[in-house]
Amino acid sequence: MKHFLRMLIQICLYFYCKFLWRCLKFVMRKLTGRCELQRICYNTKPGASRTMKIETSLRDSKSKLLQTSVSVHPDAIEKTIEDIMELKKINPDVNPQLGISLQACLLQIVGYRNLIADVEKLRREPYDSDNPQHEEMLLKLWKFLKPNTPLESRISKQWCEIGFQGDDPKTDFRGMGLLGLYNLQYFAERDTTAAQQVLSDSLHPKCSKFSKAEWEKKRMDKAIGYSFAIVGINITDLAYNLLLSGALKTHFYNIAPEAPTLSHFQQTFCYLMHEFHKFWIDEDPMDIMEFNRVREKFRKRIIKQLQNPDMALCPHFAASEGLINM
């Protein structure tokens, strides 16, 4: 019986999507004198709410032109909008704001797809110790995090001091490739003071910036630290999967007036590192073996926040300067 009801619901949804919804759109156009794209742009405020509705409308359209518009080259967006206006028989002189709104939405939609490609390219590129640029980035990471401690040699147990597992960090980048290093260096360079503080707290959680009363309240006498670099690579994986799943569309469509860039992604990584550090302290795990549980709980919290169409993961640190455009 349950199987039959499920099948019936699926059939009803299919016919609704294929026929009833199209009929409803036809009726709405006749009543309002506006197509769906116009109604969205005129009735929905700029940001994720508008862009995601435009994206859905274009993707689900029966028109091939509208379907492919979400994946055009950025240089072709202006021409694509002209074609859409012509297809919908909309006079740009009478409706000048529509073209501007559509352009902003398409820049975000196309930019998000391109950002995925850029991030994926970095993730697939392995760390190469024979590449001078890779080596330079790694050494810069050390200098930003430990400016007063010289690195005795490239292969050294000192790397464990910033959270790598062994004496050669290249082995830790296998999962996320260069993307992990790019993010860690961005955090350490753009928000050096905060990155150094998080590193210090991860090594000595009892010495972090909490008052004595707060420590006693949270029972932090048993506070457990974590490996800064390894957690950074793990949070890179979290950010990567949020991007890939589309969960970060809410955030990027709300903060980037045009196409989201790699800098926006790295800024989001910085925010996630800050938030995870605070979350880890609040969770007060018994030992490091609870890391996966804490990470999963943190992931669910972030996803829940991103389900709010008005949500923007606005960080409050130096790395975000010049990037937030609400």
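How many residues does helix α11 have, and how far does helix α11 reach from its first C-alpha to its last? Helix α11 (residues 228-245) has 18 residues and reaches 26 Å. The model is predicted: local features need pLDDT of at least 70, side-chain atom pairs count only at pLDDT 80 or more, and totals for chains, interfaces and linings use all residues. Residues are numbered from 1 along each chain as its sequence is written, and side-chain values use heavy atoms, with hydrogens and water left out.

**View 1. Helix α11 and the residue after it.** The reach of 26 Å is close to the 26 Å expected at 1.5 Å a residue, the expected span being 1.5 Å times one less than the number of residues. Helices (H or I, at least four residues) and strands (E, at least two) are DSSP runs, numbered from the N terminus. Buried residues of α11 include F228, V231, I235, L238 and L242. Buried means under 20% relative accessible area, exposed over 50%, and partly exposed in between (1.4 Å probe, protein chains only). G246 follows α11 and has a positive phi, near 90 degrees.

**View 2. R154 in a loop.** R154 sits in the loop between α7 (132-145) and α8 (178-190). Its side chain makes a polar contact of 2.7 Å with the side chain of E135, and another of 2.9 Å with the side chain of D168. A polar contact is a pair of N or O atoms within 3.5 Å; within protein, one must be able to donate a hydrogen and the other to accept it, and residues adjacent in sequence count only if both atoms are side-chain atoms. Leaving aside neighbours within four places in sequence, R154 is in contact (heavy atoms within 4.5 Å) with residues including Y127, L138, W159 and P169.

**View 3. The salt bridge of K249 and E55.** The whole structure has 17 salt bridges, each a side-chain nitrogen of Lys or Arg within 4 Å of a carboxyl oxygen of Asp or Glu. In one of them, K249 and E55 meet at 2.9 Å, N to O. The pair links distant parts of the chain, with K249 in helix α12 (residues 249-255) and E55 in helix α3 (residues 48-59), 194 residues apart. Both K249 and E55 are buried.

View 4. E120 and R124 form a salt bridge with their closest N and O atoms 2.7 Å apart. E120 is buried at 13% relative accessibility, whereas R124 is exposed at 62%. K140 is partly exposed at 35%, as is E136 at 43%.

**View 5. A salt-bridge network.** E283, E290, R293 and K297 are linked by salt bridges.

**View 6. H264 in helix α13.** H264 lies in helix α13 (residues 262-283) and is buried, with a relative accessible area of 7%. From C-alpha to C-alpha, H264 and L115 are 9.5 Å apart in space, though 149 residues apart in sequence.
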